[in-house]
Protein chains: 2
Amino acid sequence: MTSDRDQLLRAAADHLARRPNATQDEIAKAIGISRATLHRHFAGRRELLAAVEESAVTRMDEALRAARLEEGTATQALHRLTTACEPVAPFLALLYTQGQDIPEQTHPGWEDIDERILELFRRGQRSGEFTPDLSAAWLTEAFYSLVAGAAWSVQSGRVAARDFQHMITDLLLHGVASAGRPSRETDR
Amino acid sequence: MTSDRDQLLRAAADHLARRPNATQDEIAKAIGISRATLHRHFAGRRELLAAVEESAVTRMDEALRAARLEEGTATQALHRLTTACEPVAPFLALLYTQGQDIPEQTHPGWEDIDERILELFRRGQRSGEFTPDLSAAWLTEAFYSLVAGAAWSVQSGRVAARDFQHMITDLLLHGVASAGRPSRETDR
DNA sequence: CTCTTTTGCGACATAAGTGTCTCAAAAGAC
DNA sequence: GTCTTTTGAGACACTTATGTCGCAAAAGAG
């Protein structure tokens, strides 16, 4: 039984998102391999988390590239961003459980990622699509929070995976108040 | 130097929110007491987290009671809820780092709390104030996510504490898109 | 099929963190 | 001021988890 490292990483990340204090022994059991094998791939918790983060940064980078945030309206770009983030969401949810200082301080890649998302919100504000009443910093934080929250809800079965993109962007763009909400076609 | 248990709990929770894997030794140092004293108040990590959760449930219960969610419009109630949650937000942020299964499974109090928030969103949907396009389950999850995200942002200095209530409810009610946003007075 | 690589198991060594205890010092109460 | 309570420090015992190793079995490659 040869294990695909990426698959192991994903399964381990999933388990850790639910049980952030899990031991290596517990993780190994949960994903169906031996502790020795887990150790051969990720020599301890530190290295496992570092691999998760590395993977998250790489995938977020790819997602952002695929989303081409400078093209089209800011609203369209936000849709593309959310869709592109979906496969990375479980990783982001896990990183949230490790504390807020990890992303910013341990991997330089986050700075660039944050800056690009921040710039999207700023662009939307400059173009008049997005309100200037809420700071771009808060909007970026809110975006991450909603993505992580959605990932957890999907994982726990409270909401359907197919609604991921829609529920985040709909709430982020239009909020919950009925008054002022666009009809279904106005977004595009 | 006599330590106030509640104050210790608060300080420990703050530290743990930033460093979820911190040892008791590290926590004790960070909050300025000895490990022995920390142990006298909270006999180990398990007991510390249990105290945090107990405190969070109690405070959320009080917050919900103070917010009187059945009174007035759902929109008004949401404002009151967010304001009332503010002092509990750092505890909620910490509980997020401990995994999503902790709140629902370890303390029965969360069920009641969740149900009351869920009911607020449902009430808003029934009255036509809130859109039926987004599930109440997602809205409840999103509410928690934004509260935790705001708590982290305030803690890290990225946004100002005085903006807590406004930035959450504004985003949750109206979203970020300029089109369709109410003027400043339409909320009340 | 053979040969190579990967894996799991079990045992034990090692490391890190927690629990416990004593006692003097510090702080609180009156 | 005296007496009581709380605290911190240090030492050591205990617990838990991780690291390491050898080797046979399982799996993969050709």
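Me: What does contact mean here, and which residues does B:Thr131 touch?

Reply: Contact means heavy atoms within 4.5 Å, and, leaving aside residues up to four places away in sequence, B:Thr131 touches A:Gly175, A:Val176, A:Ser178, A:Arg181 and B:Gln125. This is a predicted model, in which local features need pLDDT of at least 70, side-chain atom pairs count only at pLDDT 80 or more, and totals for chains, interfaces and linings use all residues. Residues are numbered from 1 along each chain as its sequence is written, chains are lettered from A in the order in which they are written, and side-chain values use heavy atoms, with hydrogens and water left out.

Me: Why does B:Thr131 count as buried?

Reply: Buried means under 20% relative accessible area, exposed over 50% and partly exposed in between (1.4 Å probe, protein chains only); B:Thr131 has 3% relative accessibility and therefore counts as buried.

Me: What makes a space a cavity, and how many of 30 Å³ or more does the structure hold?

Reply: A cavity is a set of points, on a 1 Å grid over the protein atoms alone, where a 1.4 Å probe fits but cannot get out, and its lining residues have an atom within 4 Å of a point. The structure holds two cavities of 30 Å³ or more, where volume is the space filled by probe spheres set on the points, joined across faces, edges and corners.

Me: Which residues line the second largest cavity?

Reply: The lining consists of A:Tyr96, A:Ser145, A:Ala148, A:Trp152, B:Tyr96, B:Ser145, B:Ala148 and B:Trp152.

Note on methods: 1 Å grid on protein atoms, 1.4 Å probe; cavity = no way out; pocket = protein on both sides within 12 Å on 5 of 7 lines; lining within 4 Å.
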